[in-house]
Amino acid sequence: MSKKRIVLLIVSALLIIFGIYTMNLSDEGPGDIEAYTGKLTMLEGAEDPDFGIKVDSPILIRKVEMYQYYKFNEKLRKDFFDKHHPQVKMEIFKKERIFKNPAFPSEPKAEVFCGKVKIGDSDLLLSDEILEKFSLKKYVNFETQPEKLEVSGLKNGKKVFDLVPIDDKTYSNSVDGDWDVGDLRVTWYSIDPDDLADVYTAAGIVKDGVIGEKDYAVYIYDREISKDEIVSNSSSNNKTAGIGLIAVGLIGAVICLIPLFKKN
């Protein structure tokens with residue numbers, strides 16, 4: 001048996017094992033969770049402490065982009081991306097040339113900052129794990145919601161991470177907009193509190209006045225839903241995922257073993 005088939009067989013076996021484990025989770029359910037329903041009340045808006053930006057919103061998303069080389073329609077181009085682009089190989093005058101993009105700096109990094117939000121009449125705060133779900137595409141889509149937050153309005157504002165505000169919405173290390181590969185652009189996004197639903201249901205482990213204890217399953221729904229329904233949905237999803245993993249693992253194992261049966 002070739003090395004590739006051995007690796008595939010090992011991966012297939014792991015998928016089957018993990019699938020069985022996931023199906024067992026469906027019997028156990030999401031654990032001893034509690035569910036609370038009500039309106040969200042903003043006690044304290046989210047804040048980016050590095051740049052001193054605070055908003056009346058449950059979350060504040062810091063988006064960091066770097067000016068990079070990329071290839072489009074066989075032509076070399078440059079633009080901002082929030083992920084590291086691989087090196088670009090171009091054939092120029094029949095000679096291959098490699099354009100390398102620098103690695104993203106360690107600071108500033110893209111982050112989601114959370115405020116303090118209470119749900120209903122429970123006096124319980126939503127955990128950061130729950131609030132971070134508001135940064136998902138369902139709530140904030142960079143493509144369909146292009147409006148950025150104003151950051152300072154001071155073109156001579158303070159320098160942070162060697163970046164300065166170049167307009168009311170953007171920090172960068174290039175003040176004139178003449179970008180070089182490796183230049184950074186930082187912008188911010190959040191949710192308008194007026195766009196929040198009238199009622200939410202949050203579920204998770206409750207500890208020290210916070211619902212949604214870290215390292216446990218957390219849930220947030222923009223409607224009223226019972227704890228029993230949440231548990232049922234969780235068990236059903238785990239069972240479906242487990243069956244899928246086992247099926248993929250079995251298919252991979254069969255592909256590996258068929259040549260052995262043919263030889264015999």
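## Strand E15 and its sheet

Strand E15, covering residues 200–204, runs antiparallel to E18, and 3 bridges join the two. Within this pairing, Ala-203 stands opposite Tyr-219 of E18. Please keep in mind that you are looking at a predicted model.

Which order do the strands of this open sheet follow? The order is E1-E15-E18, so written for 3 strands with antiparallel pairing. Strand E1 (34–38) and strand E18 (219–221) are the edge strands, each pairing on one side only. On average, and ignoring direction, neighbouring strands here are turned by 15° against each other.

Ile-6, Ile-10, Leu-14 and Ile-17 together make a nonpolar patch of about 380 Å². One of these residues, Ile-10, sits in helix H1, which spans residues 3–28.

Is Ile-10 buried, partly exposed or exposed? Its relative accessibility is 48%. Buried would require a value under 20% and exposed one over 50%, so Ile-10 counts as partly exposed.

## The protein as a whole

Stepping back, the protein contains 3 helices and 18 strands. It has 264 residues, and 34% of them count as buried. The protein exposes about 16,400 Å², with carbon and sulfur atoms supplying 51% of that area.

Terms used:
Residues numbered from 1 in each chain as written. Predicted model: local features only at pLDDT ≥ 70, side-chain atom pairs only at ≥ 80, totals over all residues. Heavy atoms only, no water. Helix = DSSP H or I, 4+ residues; strand = E, 2+ residues; numbered from the N terminus. Buried < 20%, exposed > 50% of the residue type's maximum accessible area, 1.4 Å probe, protein only. Areas by Shrake-Rupley, 256 points an atom, 1.4 Å probe, with all protein chains shown as cover. Pairing = 2+ DSSP bridges. Axes fitted to C-alpha atoms, helices over the stretch in contact; angles between N-to-C directions. Patch = residues over 30% accessible without salt bridge, like charges linked within 9 Å, V, L, I, M, F, W, Y side chains within 5 Å. Salt bridge = Lys/Arg side-chain N within 4 Å of Asp/Glu carboxyl O.
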